[in-house]
Amino acid sequence: MKVVTVSNIKGGSAKSTTAIHLADSLSRRGKTLVIDMDMQADLTDFFLPHHSTEAIEEKNVMSLLLGRSKIEDVLIKGKTIDIIPSTLTLSKLVRIAEDPFFLSQNLKKAIDSVSKEYSYVVIDTPGSAKYELTSALYCANLVLIPVTPSKWAIRAVNLLLDEISQTESLFSASKKSAFLPCLFGTSKKHREILERLRSIEEIPTLNEIPKSESIKTKTEKHEFLKKDSNPWHAFDVLADEVIRIVDPENRFPFLG
Ligand SMILES: Nc1ncnc2c1ncn2[C@@H]1O[C@H](COP(=O)(O)OP(=O)(O)OP(=O)(O)O)[C@@H](O)[C@H]1O
Ligand SMILES: [Mg+2]
């Protein structure tokens, strides 16, 4: 089982969109679990549009982090992808929990306990540095960092890299990371930001996810991308790139 944590502390940087469609592509390659760790609950809304808020208040990632529930109690089975939902109540986590270490250990133990059942776990994180983020970074085999062409893009990336190295030193564990350019256009300004991103040597920059109206509208309508459409292919290529990084041994043995 490999865990991909999608993260960028800048809000609106295509984290949830990436987590949803990457999970869809990965689920065609192996059983996939998504964990919504953002109290905005965009993944929860996407995967569980018909669940009542009461049902989600009973079963969610908060009690898992606090060690009050077992993973099987908070995991909701989907047709192709299972989900651990999030809730607005996560906003209270910082007040309830004493430190992120305890939460991270709980999350790791829970994920490890289902390692035989899933090939991939995709975690969506909030657009700010919180305990949830530390826990999700701790459990990651790969931190996938979607980057959009904003004025703050490189600054936000550097802050997240700081956060990752703090987590690494806190837990003495090193993480793989990769940048995923999203929503870049052809303007000089956008290409310059992309070049600066690519110049950060120790972290690879993956193929771009293009700006696409269908990615936006399908995601808003809680629908997966149309099979064989260009956006669908972009996320299909992403799934292969992710697997190449987290699981280099497990690459299409028949194709060599
Ligand atoms: N490739 C794309 N093409 C067009 N629109 C996109 C694309 N990726 C993301 N978007 C849009 O950009 C906006 C932000 O995306 P998203 O909600 O995934 O970001 P986020 O990082 O999860 O935000 P937050 O920090 O609020 O959780 C959304 O309106 C989404 O539909
Ligand atoms: Mg989001």
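Predicted model: local features only at pLDDT ≥ 70, side-chain atom pairs only at ≥ 80, totals over all residues.
View 1. Residues are numbered from 1 along each chain as its sequence is written, chains are lettered from A and ligands numbered from 1 in the order in which they are written, and side-chain values use heavy atoms, with hydrogens and water left out.

**View 2. Polar contacts of ligand 1 (pairs of N or O atoms within 3.5 Å).** A polar side-chain atom of Lys216 lies 2.7 Å from an oxygen atom of ligand 1, and a backbone N or O atom of Ala14 lies 3.0 Å from an oxygen atom of the ligand. A nitrogen atom of ligand 1 is 2.9 Å from a polar backbone atom of Ser212.

**View 3. Helix H12, residues 230-246.** From its first C-alpha to its last, this helix (a DSSP run of H or I, at least four residues) reaches 25 Å with 17 residues, close to the 24 Å expected at 1.5 Å a residue, the expected span being 1.5 Å times one less than the number of residues. H12 is mostly covered, as 13 of its 17 residues are buried, that is, under 20% relative accessible area with a 1.4 Å probe and protein chains only.

Definitions and conventions:
Helix = DSSP H or I, 4+ residues; strand = E, 2+ residues; numbered from the N terminus. Buried < 20%, exposed > 50% of the residue type's maximum accessible area, 1.4 Å probe, protein only. Polar contact = N/O pair within 3.5 Å; in protein donor to acceptor, adjacent residues only side chain to side chain.
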